[in-house]
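Colleague: I am new to this structure and would like to learn how to read it. Could you take me through it slowly, starting with a pair of packed helices?

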Amino acid sequence: MPMIVERASADLLESSTTVVLPEAFLARVRRARDDPRAKGIALAVAMAQEMLALPGVVGVNLSGGREGAEESFAEALAEIARRLR
């Protein structure tokens, strides 16, 4: 599942024609006025929790990020993992 924690990543992901996300998922990150990162983390946690509640699902694969933002992405990934524990 994609992890979007910045507007630039939302723009990049939207240009992909094969990605299927809940309606307004990318728009919600873009519209986050003060902190799109916090909004993206919260959305990723909520989506992961929904997926983990499905019978037979025991994990999620978070992916995303863009070139030049690897450290920020890794920190967001760690935060999501902490919240899902």
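Modeller: Please keep in mind that this is a predicted model.

Colleague: How are the axes of helix 3 and helix 4 placed, and at roughly what angle do they cross?

Modeller: In general, two packed helices are described by the angle between their axes and by the distance between those axes. Here the axes of helix 3 (residues 36-52) and helix 4 (residues 70-84) come within 10 Å and cross at roughly 45°. Angles under 35 degrees would count as roughly parallel and 65 to 115 as roughly perpendicular, and helix 3 and helix 4 are therefore oblique to each other. Their crossing is right-handed.

Colleague: Which residues of the largest nonpolar core touch the most other members?

Modeller: In soluble globular proteins, nonpolar side chains tend to be buried together. In this model the largest nonpolar core has 19 residues, of which M1, M3, I4, F25, L26, I41 and I80 touch the most other members. Helix 1 (7-14), helix 2 (25-31), helix 3 and helix 4 each supply at least two residues of this core, and the largest share, six residues, comes from helix 3.

Colleague: Is E6 buried or exposed?

Modeller: E6, which sits in the loop between strand 1 (2-3) and helix 1, has a relative accessible area of 17% and is therefore buried, since the cut-off for buried is under 20%. Beyond its neighbours within four places in sequence, E6 is in contact with V29, R66 and A69.

Technical notes:
Residues are numbered from 1 along each chain as its sequence is written. This is a predicted model: local features need pLDDT of at least 70, side-chain atom pairs count only at pLDDT 80 or more; totals for chains, interfaces and linings use all residues. Side-chain values use heavy atoms; hydrogens and water are left out. Axes are lines fitted to C-alpha atoms, for helices over the stretch in contact, and angles run from 0 to 180 degrees between N-to-C directions. Helices (H or I, at least four residues) and strands (E, at least two) are DSSP runs, numbered from the N terminus. Angles under 35 degrees count as roughly parallel, over 145 as roughly antiparallel, 65 to 115 as roughly perpendicular and the rest as oblique. A crossing is left-handed if the near helix is turned anticlockwise from the far one by less than a right angle, and right-handed if clockwise. A nonpolar core is a set of buried Ala, Val, Leu, Ile, Met, Phe, Trp, Tyr and Cys residues joined through side-chain atoms within 4.5 Å. Buried means under 20% relative accessible area, exposed over 50%, partly exposed in between (1.4 Å probe, protein chains only). Contact means heavy atoms within 4.5 Å.
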